Amino acid sequence: MVPNKRGHMGEKPAYFNEMFEDGACRPPYAGIEGWANDMPAEFRSLKQSEAEALFRRIGITFAVYGEGGDPDRLIPFDMFPRVFSTSEWRKLERGVKQRARALNAFLLDVYGRGEIVRAGKIPARLVYQNEAFEKAVVGFKPPRGVYSHIVGIDLVRTGPGEFFVLEDNCRTPSGVSYMLENREIMMRMFPQLFRENRIAPVENYPTLLRNTLASVAPEKCEGDPTLAILTPGHFNSAYYEHSFLADMMGIELVEGQDLFVEGDYCWMRTTEGPQKVDVIYRRIDDAYIDPLCFKPDSMLGVPGLMNVYRSGGVSITSAPGAGVADDKAVYTFVPEMIRFYLGEEPILNNVPTWQCAKQDDLRYVLDNLGDLVVKEVHGSGGYGMLVGPKSTKDQIEAFRLKIEEDPGNYIAQPTLALSTCPTFVEEGIAPRHVDLRPYCLVGESIELVPGGLTRVALTEGSLVVNSSQGGGVKDTWVIAE
Amino acid sequence: MKLHVSHSTRYAFDPPMRGVAQSLRLWPSTFEGQKVQRWDVSIEGGTRGAGFRDGAGDWIETITFLGPVGEIVVNVEGIVETENRSGLLKGHREKVPPMAYLRHTDYTRPDAEFKIMAERAIADGKTGLDLAHHLSSLISDAIKYTPGETDPSTTAAEALASGNGVCQDHAHALIAAALAANIPARYVTGYLHAQGDIAEASHAWAELYVSDFGWVGFDASNRACPDEHYVRVGSGFDSIDAAPIRGVAQGSGTEALSINVSVVEAAQQ
């Protein structure tokens, strides 16, 4: 890639403030300006502890996807909502859906004829030598040709109309329970805000998810499909979310030992005897899903499940093998996928990315470490990364050695000027950097609820929104103009 | 050549298991030089699941047993017509891109020894089919066919270090050497109509992907490429992935395994 984003932050490191532009309140936030300014400090801290108590009571204490950290720690909730106008959202929605379509087309293709590789649009080795490429599903077409049924797309904003995709999550993106709970708690604490503003609802997400899962039932399934969520168990950091979603959808939450394979199907043990399961929303990694196909010593999976899946007796969402589309090295090629499969120009931008595996890119990265964000190709959660502008000289030099040792393990991106959203802090209200993860559902149709999970870097000046690094969450509004 | 295969696998569980699930990869396919005339897999008890052909071209079925399971007997019997194609796998229907086999598992991880072996071979100017043959004979030289010295959990690196092994070790080691030379390689299971000293009727070897030729079989145990004496059944990354029978049993009992295989010329019966 040609390094064209040098000094992206410009001469003055100005950040786009989503609420105030040149001192004036931007229209999407007009409905809450008074509410925020007029709130007495005592009332605010009272509400803040009320919110915390509510979160504790419902038990939502898990970490967001792959972030690690203490699973019992409460992620701070900031009551100041993050607001989008309907027209801003429409563009985002089109961009997110476009991306979800292209990612699924890519998955169907690389497990089929591999046209995109033959056309030379993506290097074969990035696809077929990728650890997440599953030989076991080559040639298998899942119902409706969908591999990734829940696509979580991490976005940041740098200007009024400028959005960048940081990464795609095609396997089991978590955090959607925060989107729902944040809204629930805001409505409970500030009902008048929801009376005064026309805020698009997100609470139909579980219904849409349920419909999406049901729409990819295997052909062999007659009548209403039986759905279940397969969880690794209560020790998993996202267990709360698994049980929450099962509850909201009115479907069973099962562990591997609750399921078994017999004949052409997968069955669930119930008090009324075995019941056939048609669609499994699994929150277990591929490697653990079936000891007869993957890791032989996995105790979490269901022996024989992959055979039932591949002979059309059960659907698994997301489909095993979906991870090859959300690899950080494959990410670079998503705009190509959009052009190749959809014949469209990408609506959302990728962040320019340097691959340290390439000589020219590596040289540029090593020469500009102080300005760049460097990440491990397979890492996640803000661990093992370098934020150049926020690092000391010693930290940069230590990181330089790590990159030189194994360049192929690193990619680098410019330090993006992440937008800020007003946030309640000890001193009052102050801007803090935010990102956004919307959850796109792909089945018979493609659906996106107007909202998502906004994460906020609570530390002043910090650009790292991960909850393991001091991040919090906000309710995300799409408001009628 | 017309080969008659009969293969019986018996599992005895003591005490009986609560349940057993098995994935079977026991059906040879038809391609140039191999024609399946008749093939039966019979298992007493249990419930068979729908079969399917995977991307590598293997037919797979599931069988499950509800407890108490004291014994499972899997009987395979059939007749396959074979011709010598010098190890070349032609006309075999499969969809997995060869490059997907450029990855190692715990069994086939190339350690420094394999890397040195591959580097030297390449430095000697070996390429293509020549390089594949060369690596295969290097493995034959480095690992002496010695039953009883290794076990099913022995890795390629361990077998190479010990200098002894059986067909599984030769296949794993050749895959490791091939991967070190950036050649896609995989583990193949099948049957051998044995004539020489090495009487492994239930056999395993490796296939290496050579440009212009495609997949080519190499049996380092016999210093040969598969010919009309071989019946090819299935493939995978390693012995676990390619296993003819892969099973999981629920229970705390011990498992005793006995296998009986015979491969004879059908005309002689």
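Let's start with A:Val176 and its contacts. Setting aside neighbours within four places in sequence, A:Val176 touches A:Tyr205, A:Glu241, A:Leu245 and A:Tyr439. Keep in mind that this is a predicted model.

Where does A:Val176 sit? It lies in helix α6 of chain A, which covers residues 176–189. Buried or exposed? A:Val176 counts as buried, because its relative accessibility is 2% and the cut-off for buried is under 20%. Now follow the chain to A:Arg188, 12 residues along. The C-alpha atoms of A:Val176 and A:Arg188 are 19 Å apart.

Let's step back to chain A. It has 14 helices and 23 strands. It comes in two domains. Domain 1 takes in 20–351 plus 416–479, and domain 2 is 352–415. Their centres, taken over C-alpha atoms, are separated by 27 Å.

What about overall shape? The C-alpha atoms of chain A fill a box of roughly 65 × 55 × 40 Å along the principal axes. The radius of gyration is 23 Å. That agrees with a compact globule, because 481 residues would give a value near 23 Å. Of those 481 residues, 59% are buried. Now take contacts in chain A between residues at least 6 apart in sequence. Of these, 70% join residues at least 24 apart.

On to the cores. Nonpolar side chains tend to be buried together in soluble globular proteins. How many residues does the largest nonpolar core have here? It has 85. Residues with the most contacts inside it include A:Phe106, A:Ile122, A:Phe133 and A:Leu259. Helix α3 of chain A, residues 86–110, gives this core its largest share, nine residues.

Beyond its neighbours within four places in sequence, A:Phe133 is in contact with residues of chain A including A:Val110, A:Tyr111 and A:Val324. It also touches chain B, at B:Pro97, B:Ala100 and B:Arg103.

Last topic: rings. Over all chains, the whole structure holds 24 aromatic pairs. One cluster, linked by ring pairs, is made of A:Trp35, A:Phe80, A:Phe190 and A:Phe424.

Notes: Residues numbered from 1 in each chain as written. Chains lettered and ligands numbered in written order. Predicted model: local features only at pLDDT ≥ 70, side-chain atom pairs only at ≥ 80, totals over all residues. Heavy atoms only, no water. Domains from an automatic or database assignment. Core = buried A, V, L, I, M, F, W, Y, C linked by side-chain atoms within 4.5 Å. Buried < 20%, exposed > 50% of the residue type's maximum accessible area, 1.4 Å probe, protein only. Helix = DSSP H or I, 4+ residues; strand = E, 2+ residues; numbered from the N terminus. Contact = heavy atoms within 4.5 Å. Phe/Tyr/Trp six-rings, centres within 6.5 Å; stacked < 30°, edge-to-face > 60°. Rg over C-alpha atoms; globule rule 2.2 N^0.38 Å.
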